[in-house]
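Here are my notes on the model, point by point. Please read them with the structure open.

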Amino acid sequence: RPDRHLNVTLLPFGRRQRLLLARDISDLTRLEQIRRDFVANVSHELRTPLTVIHGYLELLDPEDVPELAPVLGEMRAQSKRMGQIVEDLLTLSRLETQEHVADERVAMAPLLATLRKEAEALSQGRHHIVLESTAEADLLGSPKDLHSALSNLVSNAVRYTPAGGTITIRWQRSPDGAVYSVSDTGFGIPASHLSRLTERFYRVSSSRSRDSGGTGLGLSIVKHVLNLHQARLQIESTPGQGSTFSCHFGRERLLGPAGAEES
Ligand code: ADP
């Protein structure tokens, strides 16, 4: 029946036979759809009131009531944070329902230069920022989504690395295509957390993460953007020494520098 969703697996059974396992996952699929719609609707409804609150807070002048200045500052920061969470949830909803991405050229040289500038702006001179770009290739995909995913890894590296550390952004060839990676000499992540990092709102240390200003949705967005580009996220980390987040892009997503497609 067209309204049923089946999960079908073919297993070896004995020497010559195969076992066909079909599980009816229609209820699960429907629940997942309800969850997605709910999150998208709530986020959408919150957008307007938050914009209004944020707008009025910006209009208030702390000099009018100096004793309220710290409170006003905190209210502005928190309303900005809520706005960012709502925007990230809307981005995730869009990515979850999207099946394909645009096939546009994403010029890597200017993008890498921008990512380095973003790292420097966020670090404010507290870290050593290094850019190593040896892959003379551009990417094929969505410029906006790729920028946001690759930039997320840079901002995490800065936020989870104490002052004096080094952040290295790399764009290199690999046997299967090319790899974009961000390494840091920061806090690192215990192995037991690695497999759950891309879940929504999953955090290794909630207090440290909240203080660092993120929404808890960054890596989830990264994973979805990479999936849409048939790319893979690899995370390596040693607590106390640092982490490397690598995005593996296949040859089919690469464009040569002169504009000719990779063979
Ligand atoms: P957040 O907004 O909390 O940073 P993310 O989805 O970007 O959310 O990351 C999820 C969690 O993964 C973070 O809360 C943090 O605990 C951990 N994490 C991400 N990047 C790093 C990193 N470079 N070094 C250490 N921990 C990291």
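1. Strands β1 (residues 6-13) and β2 pair antiparallel over eight bridges. Strands here are DSSP runs of E with at least two residues, helices are runs of H or I with at least four, and both are numbered from the N terminus. Two strands count as paired if DSSP finds at least two bridges between them. Val8 faces Ala22 of β2. The hairpin of β1 and β2 has three residues between the strands, and Gly14 in this hairpin has a positive phi near 70 degrees. Buried means under 20% relative accessible area, exposed over 50%, and partly exposed in between, with a 1.4 Å probe and protein chains only.

2. A word on the basis. This is a predicted model, in which local features need pLDDT of at least 70 and side-chain atom pairs count only at pLDDT 80 or more, while totals for chains, interfaces and linings use all residues. Residues are numbered from 1 along each chain as its sequence is written, and side-chain values use heavy atoms, with hydrogens and water left out.

3. The overall picture comes next. The protein has seven helices and ten strands. Its C-alpha atoms fill a box of roughly 80 × 45 × 40 Å along the principal axes. Of its 263 residues, 37% count as buried. Among contacts with a separation of 6 or more, 66% are between residues 24 or more positions apart. A contact means heavy atoms within 4.5 Å.

4. Look at helix α2 (residues 69-97). It has 29 residues and spans 43 Å from first C-alpha to last, close to the 42 Å expected at 1.5 Å a residue. The expected span is 1.5 Å times one less than the number of residues. Buried residues of α2 include Leu72, Ser79, Val86, Asp88 and Leu89. Leu90, Leu92, Ser93, Leu95 and Glu96 are also buried. The cover over the buried residues of α2 includes α1 (26-59), α4 (143-159) and α7 (218-228).

5. Strand β6 has two partners to check. Strand β4 (residues 128-133) runs parallel to β6, joined by six bridges. Strand β7 (residues 177-184) runs antiparallel to β6, with eight bridges. Arg170 of β6 is the bridge partner of Glu132. On the β7 side, Arg170 has Ser181 as its bridge partner. A hairpin of two residues links β6 to β7.

6. What does the aromatic count come to? It comes to one pair. Rings of Phe, Tyr and Trp (its six-membered ring) pair if their centres lie within 6.5 Å; planes under 30 degrees apart are stacked, over 60 edge-to-face, and the rest tilted. The ring centres of Trp171 and Phe249 are 6.3 Å apart and the planes are at 75 degrees, so the pair is edge-to-face. Trp171 is in β6 (residues 166-174) and Phe249 in β9 (residues 242-250), so the pair ties together parts 78 residues apart in sequence. Both Trp171 and Phe249 are buried.

7. There is also an open sheet of three strands, ordered β3-β5-β10, with antiparallel pairing. Its edge strands, β3 (104-106) and β10 (254-255), each pair on one side only. Strand β5 (residues 138-141) pairs with β10 over two bridges. Leu139 stands opposite Leu254 of β10.

8. The largest pocket holds about 950 Å³ of space. It is lined by 37 residues, and Asn152, Ser155, Asn156, Arg159 and Gly214 lie nearest its centre. Two or more lining residues come from each of α2, α3 (108-123), α4, α6 (206-211), α7 and β9. Helix α4 gives the most, with eight. On a 1 Å grid over the protein atoms alone, a pocket is an open set of points where a 1.4 Å probe fits, with protein on both sides within 12 Å along at least five of seven lines; lining residues have an atom within 4 Å of a point. Points are joined across faces, edges and corners, and the volume is the space filled by probe spheres set on them.

9. Two backbone angles deserve a look. Phe201 has a positive phi of about 65 degrees although it is not a glycine. Phe201 sits in the loop between α5 (191-194) and α6, and at 42% relative accessibility it counts as partly exposed. Gln230 also has a positive phi, near 50 degrees. Gln230 is in the loop between α7 and β8 (232-238), and counts as partly exposed at 48% relative accessibility.
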